[in-house]
Amino acid sequence: MSLSFEGRVALVTGSGGGLGREYALAFAERGASVVVNDLGADTKGGGKSSAAADKVVEEIRAKGGKAVANYDSVEDGEKVIQSALDAFGRIDIVVNNAGILRDRSFARTSDLDWDLIHRVHLRGSFSVTRAAWNHMKNQAFGRIIMTTSAAGIYGNFGQANYSAAKLGLLGLANTLAIEGLRYNIRCNTIAPVAGSRLTETVMTPELVASLKPEYIAPMVLWLCHEQCQENGALFEAGAGWIGKLRWERSQGSIVRQKNQPMTPEAVRDQWDKICDFTDATKPKSVQESLLSIVSVLSGLDSGGGVGATPTAAAALASGVNPAEAVGQKLPPSTFTFTPAQCILYALGVGMSTKDPDHLRFLYEGHEDFSCLPTFGVIPSQAAMMDGGLSSIPGLNIDFTQVLHGEQYLELYKPLPTSGTLTSEATVADVLDKGSGAVILLDVKTFSGDQLICFNQFSVFVVGAGGFGGRRTSDNAKAAVPPPKRAPDVVAIDSTTRDQAALYRLSGDWNPLHIDPSFAAMGGFKAPILHGLCSFGFAARHVLKHFAANDPSRFKAIKVRFVKPVMPGQSLQTEMWKEGNRIHLQCKVKETDAVVLAGAYVDLHGASEASLGNLTQHGALQSELVFAEIGRRIKDSGSELVRKVNAVFAWEITKDSRSAAEWTMDLKNGSGSLHRGPAGGKADVTITVSDEDFMEVVQGRLNPQKAFFSGKLKVRGNIMLSQKLEVILKDHAKL
Ligand code: NAI
């Protein structure tokens, strides 16, 4: 789709000629209302005329575009912005482009040469941008361009004043990019090269003629479009080429030794290493920069207090300290519900009496009245909704910047249709994704002491990264891409205009989904649908097409939220069956944009479903753990075979009677798990009750202790029981 600026108001300073004129024409051509600002000065900043701006406005209007002229100097930013507000009622885009030159060798640079250049370039850009800032903040949209120059980036003979002001603009842009991030204001810097009256004196006429300003304008337009999320970046451009620049930092060298004074000789001796760019790093933030410096202290100054450890350095730099946060628990929350909540939820995720199959979820008098499996997210989110996350030590972050990144839900038994559930949430990990932090929150939901379901919320906190943490976690339930073939089934379903208004009644009261002004603050044109509402739609599409709407077949779901859905749009769920796993991807039908990605639903096989029912009646909790172990063997069986190299037989007892047998072959091929006896192959046979097995798995009972107290009986090669921890260790969370 072509990029339109319809409805946007753009100000281009110094657009009476040169590059600015080109930008103004291009914005107007694509529907923007343009303020053509130009003082009409000569190249040195002298003189004044309205002719330059007027001419460009006439050109725009002649082509049917919308434009007004403004003749104020950019030093009077308030006046310049006021003319945009007077003419068009808003300001969306500011391109700081106005400029002059007063080139002199440094020795001959006068105070006036210095001050004039700084007043027009640096102070002018500051003044105009500050006047626009609050308008952009309030409307939660803004795009700002600063214009620097190669002379600023690299230095240039005779341009000390200009170089200093031009690189000053980059510093200004870097900070605006950070301060504007949460208001959907993006600020970038460009260093153009084009023929203009400014470059006439330094370029040959041929170059001036061929380096056309229209080769720069398309980049400016893209950077100013709402689709472009680029922020805090620097670009060089000319002749149709565009490149991005960034900082590089050598590995450097520590030239100080523990308990010794630091000397210039040591600096001299390490100079080559200090300046060696082999394996250079590319720090992107003050936090990243500071972190590596502060962490040097830990190597040199022992006992130096909090500042002397890398972890403390991370906390100091960003307010996020995984070492402190991980493992912290939120206060438990309880959730009481009746069939009414189950029905409200089902309506919230688009169920309708139009489909006779849906009645079992909508009518409490139906003989199979059931709760939709994805209702399992509702009790667990109560803990987070209470704002519990902000009270966690080590998570000193801006919670207005939180996005729901991913969700995993696993049911251990079909959900009841009424009752009181208790949820316990634990911070499972905090990851550093650079541009933000990801908090993994594991929530276990119980009915009494029976574990009903497990949720993993993956919450992205924009701007909270750079604390030097890990990027990935073994604790994360990973999203999985779908197979590379056409989907096996595609289901299309429309959401209604009031879908979000209805869904929120199930417990997510965030005004983002109902209040237009709140949505605008988040950078959205209108309130958006809850990600977990689309999640509910997608899950029931799978349930309908692959499990005959039988909730006991549902085992688990994972999704990654990619883009928002607007209420009223249609959801298209594409599904691929791979055994009991149904991969899925959800798109907005109208735009073809993927909204849920890397998603899947795991179903119990038709035979396992009866096992699910068994569990429902309180039979075996260990089934679920074995199922999980089975999955893990599928994923990383070879590694387990290498570590364990044995066949384990399990006898699980219930009420002192044998209730299930499992054979875990971690010796042959890439490992396997099946239900049933080992048939003499077992190296070791372990007998344990269902309850004690769960105690061991949850880390409440040490396997060795269980053995010595007689709760866990081992036959065969007893030494192999030591390997149990390797097999069970990842299931402590279950
Ligand atoms: P230009 O001289 O054609 O355009 C600059 C415009 O700014 C002029 O129309 C001038 O009247 C206006 N202006 C000057 N002082 C003003 C003030 N106080 N208030 C409002 N308007 C004012 O020059 P060009 O080449 O189009 O430059 C545009 C920007 O690009 C400048 O900031 C320049 O420093 C920068 N630049 C240009 C390069 C090139 O190769 N043309 C190279 C690097 C940077």
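At what angle do the axes of H1 and helix H2 (residues 51-62) cross, and within what distance do they come? In this predicted model, the axes of H1 and H2 cross at roughly 25 degrees and come within 10 Å. Angles under 35 degrees count as roughly parallel, and H1 and H2 are therefore roughly parallel to each other. The crossing of this pair, H1 and H2, is right-handed.

Two further helix pairs involve H4. Two packed helices are described by the angle between their axes and the distance between the axes. For H4 and H6, the packing angle is about 15 degrees and the axes are 8 Å apart. This angle makes H4 roughly parallel to H6. H4 and H6 cross with right-handed geometry. For helix H3 (residues 77-88) and H4, the axes cross at roughly 45 degrees and come within 7 Å. H3 is therefore oblique to H4, since the roughly parallel class is limited to angles under 35 degrees and the roughly perpendicular class runs from 65 to 115. The crossing of H3 and H4 is likewise right-handed.

Helices from these pairs also take part in the ligand site. Helix H1 (18-29), helix H4 (111-139) and helix H6 (160-180) each contribute at least two residues to the shell around the ligand. The ligand is surrounded by 30 residues. Leu19, Asp38, Asn97, Tyr162 and Ser196 are the closest of these. Sorted by class, the shell comprises 14 polar, 12 nonpolar and four charged residues.

The side chain of Lys166 places an N or O atom 3.0 Å from a ligand oxygen atom.

Definitions and conventions
Residues are numbered from 1 along each chain as its sequence is written. This is a predicted model: local features need pLDDT of at least 70, side-chain atom pairs count only at pLDDT 80 or more; totals for chains, interfaces and linings use all residues. Side-chain values use heavy atoms; hydrogens and water are left out. A residue is near a molecule or strand if one of its heavy atoms lies within 4 Å of it. A polar contact is a pair of N or O atoms within 3.5 Å; within protein, one must be able to donate a hydrogen and the other to accept it, and residues adjacent in sequence count only if both atoms are side-chain atoms. Helices (H or I, at least four residues) and strands (E, at least two) are DSSP runs, numbered from the N terminus. Ala, Val, Leu, Ile, Met, Phe, Trp, Tyr, Cys and Pro count as nonpolar, Asp, Glu, Lys and Arg as charged, and the others, Gly among them, as polar. Axes are lines fitted to C-alpha atoms, for helices over the stretch in contact, and angles run from 0 to 180 degrees between N-to-C directions. Angles under 35 degrees count as roughly parallel, over 145 as roughly antiparallel, 65 to 115 as roughly perpendicular and the rest as oblique. A crossing is left-handed if the near helix is turned anticlockwise from the far one by less than a right angle, and right-handed if clockwise.
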